[in-house]
Amino acid sequence: MTSDRGALTALHLLLVWALMTAAMPVLGIALLATAWSAGNGALVPALALGVPSAVALLSVAGAPARTVVPLCASVPKRLGWAALVFLLGTFGVLAGLAVYDDGVRLGSASTRVALTGAPYAVAAAFFVPNRWVRLGATAALAAAVAYGGFVGPGQARQHRHTSEVARYREYQELLYTIDTPPGMSAARAQAGPAAFTVEYHSDRRDGYVALGVRKPLAPRPSCPTPPEKDVTCTVNERGEMRVVEPLPGGGHRVTLTRRHGTAEAEITSQTLDEPALRHLLDTLHPLSDAELERLMEEKVIVRGIGRSVPTVSPPMT
């Protein structure tokens, strides 16, 4: 390729990029405004006006390249070339919008506007009868596919994951858990501004343990006054409260409440006895990254938005 033809090709592709960078955002805004004000039914007339205008602009960009690009040698051929470039470039723009909507980062607002014209310039490059120009266009297309299909989505997933972890860690002072009770697994967990709760259900769904770590409700745990009917409540010298409630149909539920630093931990079960619950409460420790990751991977944790402590209930047998 001679220097004159190379300069003309570069000018041609730059003109395609500049015109479409200016035209496509305007066309997109016009379509949105039309749909907003007149409804979806008005989109067809808007497209019928906007698309030919964009094709006409592209044909203008192809005029200086009539000695470089065979399809731009005459007006009819140039219009066909412009239609093909518009169609292929628009596919690229739509693909970019799809990955952007999926969370893939495409830079600042000005960068995204500049990228609008790139698919049209790449499409136009494929019509230049020069292997180096086409090789460059192929490399640009491969880079876009690699970033939009693999690198970008991976970064987006990592960013969403990091943001989700940060949201759960927002109330770090409440994120405490216990060793998983034998024969059980975490079934539900909720993290919020008022409390962090975890429910463990037995593998056979015939037992449960519920842990709640919350901001203290009182200066120290104390039994309700007057005492509730048939409910046994005691507070030992260490400030640990023990509540035993009878259940309909027999059996009872044991609840232990203990201060832990600036938080208050409560553990309850209707299948484990008091020593077993006390042993589990003794294992109370800050929720590790690995434990949080496991709760997220198993999709058992959600973020609470209320100010009250979530209630827990035994599994259905």
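User: Which residues are linked in a network of salt bridges?
Analyst: This is a predicted model. In it, Glu240, Arg242, Arg258, Glu274, Arg278 and Asp282 form such a network.

User: What does Arg258 pair with?
Analyst: Glu240 is one partner, with the closest N and O atoms 2.7 Å apart. Asp282 is another, at 2.9 Å between the closest N and O atoms.

User: Where do Arg258 and Asp282 sit?
Analyst: Arg258 is in strand β7 and Asp282 in helix α7. They are 24 residues apart, so this pair links distant parts of the chain.

User: And where is Glu240?
Analyst: Glu240 lies in the loop between β5 (232-235) and β6 (241-246). Its pairing with Arg258 therefore ties together parts that are 18 residues apart in sequence.

User: Is Arg258 buried or exposed?
Analyst: Buried. Its relative accessible area is 18%, and the cut-off for buried is under 20%. Glu240 is buried too.

User: How many salt bridges does the count come to?
Analyst: Twelve. One of them joins the side chains of Glu264 and Arg214, at 3.0 Å from N to O. Glu264 is in strand β8 and Arg214 in strand β4, so the pair ties together parts 50 residues apart in sequence. Both residues are buried.

User: Switching to His201. Where is it found, and what does its side chain contact?
Analyst: His201 is in strand β3. Its side chain makes a polar contact of 3.3 Å with the side chain of Glu199. His201 has a relative accessible area of 4%, so it counts as buried.

User: Now the largest nonpolar core. Which residues touch the most other members?
Analyst: Ile178, Phe196, Val209, Ile267, Leu295 and Ile301, out of 32 residues in that core. Elements that each supply at least two residues include α6 (131-168), β3 (195-202), β8 (263-269) and α8 (289-297). β2 gives the most, with four residues.

User: What does Leu295 touch?
Analyst: Leaving out residues up to four places away in sequence, Leu295 touches Ala186, Ala189, Phe196, Leu287, Val300 and Ile301.

User: What other core lies apart from the largest one?
Analyst: One of 28 residues. Leu31, Ala54, Phe86 and Phe127 are among them.

User: Which residues make the nonpolar surface patch?
Analyst: Leu87, Leu88, Phe91, Leu94 and Leu97 make a patch of about 500 Å². Leu97 is in helix α3 (residues 75-101).

User: Why does Leu97 count as exposed?
Analyst: Because its relative accessibility is 52%, and exposed means over 50%.

Terms used
Residues are numbered from 1 along each chain as its sequence is written. This is a predicted model: local features need pLDDT of at least 70, side-chain atom pairs count only at pLDDT 80 or more; totals for chains, interfaces and linings use all residues. Side-chain values use heavy atoms; hydrogens and water are left out. A nonpolar core is a set of buried Ala, Val, Leu, Ile, Met, Phe, Trp, Tyr and Cys residues joined through side-chain atoms within 4.5 Å. Buried means under 20% relative accessible area, exposed over 50%, partly exposed in between (1.4 Å probe, protein chains only). Contact means heavy atoms within 4.5 Å. Patches are made of residues with over 30% relative accessible area and no salt bridge: like charges are joined within 9 Å, nonpolar side chains (Val, Leu, Ile, Met, Phe, Trp, Tyr) within 5 Å. Accessible areas come from the Shrake-Rupley method with a 1.4 Å probe; for residues, only the protein chains shown count as cover. A salt bridge is a side-chain nitrogen of Lys or Arg within 4 Å of a carboxyl oxygen of Asp or Glu. A polar contact is a pair of N or O atoms within 3.5 Å; within protein, one must be able to donate a hydrogen and the other to accept it, and residues adjacent in sequence count only if both atoms are side-chain atoms.
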